[in-house]
Amino acid sequence: MLQEDTHFRVLRFLQENPEISQRELAEAVGVSVGGIHYVLNALIDKGLVKLGIFTAAEDKRRYAYVLTPKGIARKVALTRAFLVRKMEEYEALRKEIEALSSELGNGVTTSILIEP
């Protein structure tokens, strides 16, 4: 599950910012630079990401990480799974908050919750 979430976040960031550096990507995703290097290599090996030279950069050693059609399809599938899981977590938390609120019986209402 953790690996899926990491792959989802990496694919999402790369689609939005293909020229992002590994260091910036690691910060955005919340993993080490070494971890991001490992994830990127795995995504490249799976054919989800291809590595190209970022031609607009002054430093010609900079790379662009571009999602392949297979990578885009995988990102869509991961997005669906992530969204379903987060909606289930949200619903469970909402129910728990309602139960705790009624246990307290002190006028705390669930009206503070944002309805989906």
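Colleague: In which strand is tyrosine 63 found?
Modeller: This is a predicted model in which local features need pLDDT of at least 70 and side-chain atom pairs count only at pLDDT 80 or more, while totals for chains, interfaces and linings use all residues. Residues are numbered from 1 along each chain as its sequence is written, and side-chain values use heavy atoms, with hydrogens and water left out. Helices (H or I, at least four residues) and strands (E, at least two) are DSSP runs, numbered from the N terminus. Tyrosine 63 is found in strand β2.

Colleague: Is tyrosine 63 buried, partly exposed or exposed?
Modeller: Buried means under 20% relative accessible area and exposed over 50%, with partly exposed in between (1.4 Å probe, protein chains only). The relative accessibility of tyrosine 63 is 40%, so this residue counts as partly exposed.

Colleague: In what order do the elements of the chain run?
Modeller: The chain has four helices and two strands. Read from the N terminus on, the order is α-α-α-β-β-α.

Colleague: What is the span of helix α3 from its first C-alpha to its last?
Modeller: Helix α3 covers residues 33-45, which is 13 residues. The expected span is 1.5 Å times one less than the number of residues. For α3 that expectation is 18 Å, and the helix comes close to it, reaching 18 Å.

Colleague: How wide an arc do the buried residues of α3 cover?
Modeller: The buried residues are Ile36, Val39, Leu40, Ala42 and Leu43. They lie on the same side of α3 because their arc around the axis (taken from the directions from the axis to the C-beta atoms) is only 160°.

Colleague: Which residues are exposed on the other side of α3?
Modeller: The buried residues of α3 have cover that includes α1 (2-16), α2 (22-29), β1 (49-53) and β2 (63-67). On the other side of the helix, the exposed residues are Tyr38 and Asp45.

Colleague: Which residue with a positive phi follows α3?
Modeller: The phi in question is near 80°. The residue that follows α3 with this value is glycine 47.

Colleague: Which residues does threonine 68 contact, leaving aside neighbours within four places in sequence?
Modeller: Threonine 68 sits in the loop between β2 and α4 (69-104). With a relative accessible area of 14%, threonine 68 is buried. Contact means heavy atoms within 4.5 Å. Beyond those neighbours, threonine 68 is in contact with Gly47, Leu48, Val49 and Lys50.

Colleague: Among contacts between residues at least 6 apart in sequence, what share joins residues at least 24 apart?
Modeller: The chain has 116 residues, and buried ones make up 27% of them. Of the contacts between residues at least 6 apart, the share joining residues at least 24 apart is 50%.
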